[in-house]
Amino acid sequence: MKFLWTVTSCAWAVHAGALRACGTCCTRLQRELGSKVSSPGQPAYNATEDSYWSLQEAGLRPGCILRPSTAQDVARAVSIIGTVDGCNFAIKGQGHAPAAGFANIDGGVTIDMTGLNSTVLNADQSVVSVGAGASWLRVYQYLDPFNVSVAGGRNGLVGVGGLTVGGGISHFSPRVGWACDNVVNFERGAVFQAFTDIVSSPDFDIYTSLVAGFLYNSTSKTWLISNSAVYTRPVLDPPVFAELAAVPSISNSSQLTSLAALADEAATPPLNWLFATATFKPSVEFMQEIFDILNSTFYSFNPEGGVVWDIAFEPLPSVMLSYAAKTGGNILGVQPEDGNSYIMLLSALWPNSASNAAVEKVSRQALAAIEARAKAEGLLRGFQYLNYAAPYQTPLASYGAENLEFLREVRRKYDPLQVFQKRVPGGFKL
Ligand SMILES: Cc1cc2nc3c(=O)[nH]c(=O)nc-3n(C[C@H](O)[C@H](O)[C@H](O)COP(=O)(O)OP(=O)(O)OC[C@H]3O[C@@H](n4cnc5c(N)ncnc54)[C@H](O)[C@@H]3O)c2cc1C
């Protein structure tokens, strides 16, 4: 019966091909997303149709309406729609664009985003995460008790999605610009959550080799997430990566391959580079804070020739540290009892050597701000991984006083003249 309703409504489409495509599309969406997809005559369908601001827009009749409740639903729907030729769709926020067809469609599929309306303020009340389908009124009402606000629509019934995509003029705009200028980022928290869930698991899967990477290009002022998730058993799509894989992405390739093939990466072009590092206890909120600090530090810095910032997060699980005890120990000073942690590698790459001092200064500022915040929140581990450390950092001291003293004793015994301390200027000194 549902299917018949769908086909009937699809008769609004102009030709048979479109009619077939719409029916197939709605049927497939219903099969995969169940009751989130409604058909003409159903209460959910009618509720969306009745919610448009203009009569012209409300007068269109989609073949079905999807009301997603997660970003994953949206990603799934778009990938289904993309595989059905002639299946057209519209995206609806709060339905305040008056022109017919902007946020609704005759035949085809309307994706009504209004179920994605969560609103959460961060710990220091500087950033609010808002679902793409929320109304501004909902955001303001949530923020009022905290005595803070954001640059959004002057009429509260207007949608966050539509207003922001178009720019957004707010009462605050003379002070802070367009609403879109005030967006910190779009849907990144899901990666932080997935990474943190993997890192903090007491049963860390020992076949997991993960690097969560965030790249910022100062010229285009854009962020890109690029994760490397390797599983060291021949299993495609292992459960440990399921949450990460569910985050909507531009591309996602998984394959079985050999280590030699995997490690055969293309050489990077000649560039200036820097590394700096720190180690933290897992916390999804703190990963977001790291991102906010990096974003605000990097945003206004664009040296001649540009710079790419590459921030990698790598698990340092207790299980990995437990092997030292079985093989006679090492000098690094990190212990399994410390619990699971992760290492941050902050790197920068840039072509113009005239910018070296400026890039180094900004990287130090960013790292200092991140470390200070982590320390204040009790999330900073003392360990600095030597191979990722900047020349101004002190990885050897981070091994702990006892281990450092042991290394100095070795030096006194085997290098009494301090040849390696004084005649080899590079690297870290005891
Ligand atoms: C009464 C009224 C007051 C207004 N006040 C202001 C104002 O103060 N400042 C201002 O700048 N503008 C204002 N506008 C204009 C308003 O910004 C636009 O009409 C805006 O497009 C409405 O967004 P919406 O989400 O409500 O509308 P919708 O009609 O649902 O969407 C508008 C467009 O945005 C797209 N869209 C919506 N959400 C998403 C999403 N999540 N992802 C991708 N695309 C999406 C839709 O596909 C559609 O093309 C007002 C309009 C009205 C009718």
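Trainee: Which residues line the largest cavity?
Mentor: Phe192, Phe214, Trp223, Met287, Ile290, Phe291, Leu294, Ile311 and Phe313 line the largest cavity. A caveat on the source: this is a predicted model, where local features need pLDDT of at least 70 and side-chain atom pairs count only at pLDDT 80 or more, while totals for chains, interfaces and linings use all residues. Residues are numbered from 1 along each chain as its sequence is written, and side-chain values use heavy atoms, with hydrogens and water left out.

Trainee: What counts as a cavity, and what as a pocket?
Mentor: Both are sets of points on a 1 Å grid over the protein atoms alone: in a cavity a 1.4 Å probe fits but cannot get out, and a pocket is an open set with protein on both sides within 12 Å along at least five of seven lines. Lining residues have an atom within 4 Å of a point.

Trainee: How much space lies in the largest cavity?
Mentor: About 40 Å³. A search of the whole structure finds one cavity of 30 Å³ or more. Volume here is the space filled by probe spheres set on the points, with grid points joined across faces, edges and corners.

Trainee: Which element gives the most to that lining?
Mentor: Helix 12, with four residues. Helix 12 (284–298) and strand 10 (308–316) each supply at least two. Helices (H or I, at least four residues) and strands (E, at least two) are DSSP runs, numbered from the N terminus.

Trainee: And how does the cavity lining divide by class?
Mentor: Nine nonpolar, no polar and no charged. Ala, Val, Leu, Ile, Met, Phe, Trp, Tyr, Cys and Pro count as nonpolar, Asp, Glu, Lys and Arg as charged, and the others, Gly among them, as polar.

Trainee: What about the second largest pocket, how much space is in there?
Mentor: About 440 Å³. Of its 22 lining residues, Pro315, Leu316, Pro317, Met320 and Ile343 are the closest to its centre. Strand 7 gives the most to this lining, with four residues. By class, the lining has 18 nonpolar, three polar and one charged residues.

Trainee: Switching to the open sheet of four strands: what's the order?
Mentor: 1-2-4-3, with mixed pairing. Strand 1 (37–38) and strand 3 (89–92) are the edge strands, each pairing on one side only. Two strands pair if DSSP finds at least two bridges between them.

Trainee: How many bridges join strand 1 to strand 2?
Mentor: Two, and the strands run antiparallel. Ser38 stands opposite Ile65 in strand 2.
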